[in-house]
Amino acid sequence: MKTFFEAKIWPFKNQLYRMVYLWVKDRDVAQDILQTVFERAWMQGSSLQKMDNPAGWLMKCAKNESLQHFRSSKKLVEFPEAEIAAQTSDEKNLSEEVGIVFRFMERLPEKQREAFHLREVEGLTYEEIADYLEISMEQVKVNLHRARKTLKEYLMARQDGR
Amino acid sequence: MEDRLNYLLERYWNAESSLEEEKELKELIRQSEDWTEQKILFEGLQELKQFEAGPIQEMPNVASKRISFLWLKIAALFLIFLVSISVSYRYFEKRAEEKAYEQVLAAFELIQENFQKAKENLEPFEDLRYLQSSFKLLDPTHTDD
């Protein structure tokens, strides 16, 4: 029989990693942040079991750790509203396709970026995204709609530029 | 196929598509010879989905940190216990000394009291001094020089 941690927390590992990687754009840093988040989750113990939404807690914790990373390394002027991140060595090694995804996502405000990522990369339903981000389903839909509108314009601009 | 693709794409831009429709849309775009930019972006998203975290340090190491912290708490409590025992012992020792001192004082008082009584009892015999002097007066051989 699986423990609570194995059943409810561990499955979020890769999802969280990809979300953190989206923010920090460095695999080693993302890995460190993920480790910290899981340690914090473990230390929470029974409190996490009593929460209605442990996924939301994990997300918040990961975001706070990423924010802390940016503050300590001073790579961003602002976060969460900032769009520009310093280029890391990881970005130079990314494929063209993933690079295009990141460059597009950098244009989006934080909430739209998160909703877009959770839908397009993680394949979550609106309800699951709402739980993760601790917002209403209607807000998820609005954010996703705006993100895809920006995507449409972005792709059209690229097409015209080619 | 093109009609279906355009229909799904319109629903996609409006955030009205279901997950199944989006999956179908992406497959149709992948198979299409056009829609180059969309194709690149969806491929990028698919590639990003393959990113996985490295191994996470086993949680029992974190548990051992909790256990170490627990031992630290136990050690601190034990230290507090020892200090309080030591303080209590010194307090009681001091009290015992004070009590012994009081008892010695009480003993001296008793001695003094009894000495005073004895002195009072001997007062009548003080007059015997004078008795010896009277004998001297009556002694014909006694002279005061």
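1. How many salt bridges does the rule find across the interface of chain A and chain B? The rule finds 4 (a side-chain nitrogen of Lys or Arg within 4 Å of a carboxyl oxygen of Asp or Glu). One pairs A:Arg148 with B:Glu22, with the closest N and O atoms 3.0 Å apart.

2. This is a predicted model, in which local features need pLDDT of at least 70 and side-chain atom pairs count only at pLDDT 80 or more, while totals for chains, interfaces and linings use all residues. Residues are numbered from 1 along each chain as its sequence is written, chains are lettered from A and ligands numbered from 1 in the order in which they are written, and side-chain values use heavy atoms, leaving out hydrogens and water.

3. On contact (heavy atoms within 4.5 Å), 44 residues of chain A meet 33 residues of chain B. The two chains bury about 3600 Å², 62% of it on carbon and sulfur atoms. Buried area is the accessible area (1.4 Å probe) lost on putting two parts together, summed over both. A:Trp42, A:Arg148 and A:Leu155 supply 16% of the area that chain A buries against chain B, more than any other three residues.

4. Helices here are DSSP runs (H or I, at least four residues), numbered from the N terminus. Helix 2 (13–24), helix 3 (27–44), helix 7 (96–105), helix 8 (110–120) and helix 10 (137–161) of chain A each give two or more residues to the side that touches chain B. Helix 10 gives the most, 9 residues.
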